[in-house]
Amino acid sequence: MTKQFRKGLWAAGTLLMLLGSQSALAGVCLWGECSEMTNEFRTLELRPKTIALLPARSTLTQDGAFNTESKVGETAGLEDALANSLEKEISALGYSVRRLTFDEIGQDPQLSALLSAANQRYDEEYATIVAFKVKGIRYRRYSVGEESRRLAKYLGVDAVAFPRMQVVGASSGSKWMSGLGMKEGKAGGINMEFGLVHARTGDIEALFGGVSKSSTGTFGGVSFKKILKKADKYMQDIAETSVRKMPKVDKALKPQKLDEEATELVLYDDVDEEAVLDDLDDLLGGE
Amino acid sequence: MRIAIFVSIIVLSLGSFQAVWSEQASIYAPLDGGSKAPVVKVAREHEQQFVRRGIRFNDPELQQIVNRVAETILPVVADTFINFRVYLIRDPSPAAFSLADGQIYVHTGLLARLENEAQLAAVLAHEAHHVAAHHHIEADKLRRTKGNIVGGVATLLNRNAREGVSYESDGRYFAQSVYSDDMDFEADAGSIALISRAGYAPVAAVQALQRLRQDPELSLDRGTASFNTLELMAERQGRLQELVDGMPQQYANVAPADARPLQLRRVIEMTIDDYIRLDRPGTALKFADSLIEARPDAFLYEAKGESHFALGPRPVELEQEFASWVIAGKRAEKTREEIHAKYLALEGGPERLAYNLESAVTAFNLAIELDENSARAYRGLGNLHYEQNDFRQAGRNYVKYLKLATDSMDRPFVLERLQHIKIELTKQKEAGQ
């Protein structure tokens with residue numbers, strides 16, 4: 001067997017393994033970067049200037065030689081590193097970012113309750129986005145409703161960002177087993193998406209995300225140990241990837257063609273309570 | 001065999017009550033060999049994550065109740081890695097769970113269901129027994145070894161063993177230990193011993209299971225997705241009843257009424273609100289109805305009205321259908337609005353919508369009859385008329401709501417609607433209507 005033939009065989013084997021591998025990641029973006037926006041987000045009408053960046057909700061899984069295992073203790077470090085990188089990257093696009101920390105949330109029971117309700121509602125919509133149509137965002141299909149509007153009002157921001165991250169790292173045993181063909185190859189890696197919910201509509205106006213290319217690879221992707229060891233590097237990479245298609249705060253993009261049934265938005269600015277109640281008194285008076 | 005041993009322990013402990021319990025001796029053997037490290041480590045990591053993510057529900061009044069009951073029933077254990085502590089989680093489902101190192105979590109939905117502290121004691125004692133008898137560690141060992149041949153054979157031999165499931169709530173989840181049926185039976189028996197020692201009637205354990213079996217949420221058929229099936233609960237209740245019947249009369253006949261009542265109004269309101277927020281109005285309605293008969297309070301009629309309104313064109317059996325969608329992996333196919341539209345388009349949809357709206361109006365009016373300051377009833381009527389484009393009625397009810405609920409969180413949103421109502425009424429006035 002010549003050296004060249006052996007090299008070719010190795011390359012073909014690697015390619016086959018890559019093609020045959022199933023992604024262990026589940027999300028909207030399974031490769032590279034991705035984005036979806038409503039027309040109003042594209043044309044600046046509903047482009048937020050201030051964004052509350054919520055703490056990321058992440059799931060960490062180690063793909064072992066025989067089974068997979070959820071990791072809990074390791075999430076805190078990665079989530080903090082991700083928040084640092086995301087704050088930096090989103091701010092660089094001109095947005096004013098109000099980052100929420102767990103300490104801040106823990107000290108404010110009202111904020112904690114609002115956050116919990118908004119996260120719950122967001123996750124319900126996110127499940128549909130992930131499982132079915134991400135393009136629905138363009139058509140204003142997904143509403144997080146009053147829960148997110150209350151949160152945004154409480155925080156005094158135009159929009160709230162809900163980051164969701166998934167990390168699937170291989171163990172050494174798993175990589176060996178995959179390499180020897182004794183285990184079904186599952187492509188691991190890091191993917192992250194964040195939806196932006198506007199305070200005025202309560203709808204998911206945009207979603208940005210991506211897969212960290214440095215975290216994927218043959219035989220189950222980068223090892224879990226390596227991800228934890230170089231958390232800052234990997235989190236910076238995923239943050240950079242995910243905002244790559246996010247427009248700058250003041251730059252309008254070409255609107256997309258929307259379907260004819262898209263409903264017209266009715267938006268109100270902050271209401272002057274006294275004026276409204278006085279006027280209504282006249283309109284409803286005597287009845 | 002284990003059950004038999006435990007029944008003996010119960011009889012022994014009751015027979016020589018003073019001798020066994022006053023010395024605070026542990027009836028639980030310490031962990032004998034084997035590695036406890038992984039599951040205890042994970043339990044501690046979960047605790048840190050729960051704190052970090054604000055999963056624990058901080059409510060001093062409720063925490064005080066739970067702590068008071070727990071203090072009386074928690075057993076003494078020789079294992080140094082176990083340190084019992086009880087926390088609350090805001091979740092409308094009637095559940096409690098524990099982790100290997102002694103953390104016990106109680107859902108607010110459970111507190112809303114249980115009638116008295118004796119029933120709460122029984123639930124806490126059941127969880128405490130799982131911890132003290134190292135059930136988490138045993139379940140974890142089984143889970144870890146089932147991937148290899150020895151574990152596979154062990155799993156086959158133990159036909160009752162169920163696999164671990166994820167506990168999902170409020171967007172958070174963790175792997176919850178799931179015990180074999182035998183472990184649950186044993187924990188039930190253990191709970192009787194623990195609550196008897198504390199002076200609660202053992203029959204409270206049977207009553208707690210009976211209440212949970214009849215619960216609108218737990219009576220849903222979730223197929224294999226459920227780890228606490230109705231059949232299992234029925235069997236547990238039957239076995240518990242047998243144990244209680246076999247106990248000496250002086251212990252079995254302690255009246256459950258001596259325990260302080262639970263079911264605080266605030267917790268019930270919270271539970272029904274949470275169900276509606278989670279788009280489970282059918283369960284909210286059934287739960288409100290189950291309480292109204294014994295307690296016709298204005299707040300329950302408010303909740304009933306809101307549940308009917310949230311149901312819209314959907315049937316009250318909606319949750320059963322949702323449960324089957326979850327099993328089939330179809331729940332995420334449509335958004336809430338799309339599900340509403342789907343049901344409205346079905347045969348009988350418009351009639352169901354009319355019925356639910358009419359029922360909501362009746363319930364809100366009953367709430368106002370019982371309490372003229374029933375702010376939520378006015379808001380409910382406002383929402384209902386607004387959806388029907390009856391802006392005049394909506395405006396009147398919203399204004400009443402704002403006057404009654406001066407510090408409500410949703411004030412800005414009600415004002416937005418009033419702004420819209422003002423525009424519509426002005427248009428109508430100009431058109432001479």
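**View 1. The contact between chain A and chain B.** In this predicted model, 39 residues from chain A and 35 residues from chain B take part in the contact. On the side of chain A that touches chain B, at least two residues each come from the helices α3 (75–92), α4 (102–106), α5 (109–131), α6 (145–155) and α10 of chain A. The helix that gives the most to this side of chain A is α5(A), which supplies 11 residues. Sorted by kind, the residues on the side of chain A that touches chain B are 19 nonpolar, 10 polar and 10 charged.

**View 2. The crossing of helix α10 of chain A with helix α20 of chain B.** From α10(A), the residues A:Leu277, A:Leu280 and A:Leu284 meet B:Arg392, B:Gly395, B:Arg396 and B:Val399 of α20(B). Among the residues of this contact of α10(A) with α20(B), four are nonpolar, one is polar and two are charged.

**View 3. An open sheet of three strands in chain B.** The strands of this open sheet in chain B follow the order β1-β3-β2, and their pairing is mixed. Strands β1 (85–89) and β2 (96–98) of chain B stand at the edges and have a single partner strand each, so one side of each is left without a neighbour in the sheet. On average, and with direction ignored, neighbouring strands of this sheet are turned by 20° against each other.

**View 4. The pairing of β2 with β3, and the helices that lie on the sheet.** Strand β3, which covers residues 103–107 of chain B, pairs with β2(B) in the antiparallel sense, and three bridges join the two strands. Opposite B:Ile104 in β3(B) stands B:Ser98. Helix α4 of chain B, made of residues 60–73, lies across β1 and β3 of chain B and runs at about 145° to β1(B). Helix α6 of chain B, made of residues 117–132, also packs on the sheet, where it touches β1, β2 and β3 of chain B, and the direction of α6 makes about 20° with that of β2(B).

Definitions and conventions: Residues are numbered from 1 along each chain as its sequence is written. Chains are lettered from A and ligands numbered from 1 in the order in which they are written. This is a predicted model: local features need pLDDT of at least 70, side-chain atom pairs count only at pLDDT 80 or more; totals for chains, interfaces and linings use all residues. Two residues are in contact if their C-beta atoms, placed from the backbone, lie within 7 Å. Helices (H or I, at least four residues) and strands (E, at least two) are DSSP runs, numbered from the N terminus. Ala, Val, Leu, Ile, Met, Phe, Trp, Tyr, Cys and Pro count as nonpolar, Asp, Glu, Lys and Arg as charged, and the others, Gly among them, as polar. Two strands pair if DSSP finds at least two bridges between them. Axes are lines fitted to C-alpha atoms, for helices over the stretch in contact, and angles run from 0 to 180 degrees between N-to-C directions.
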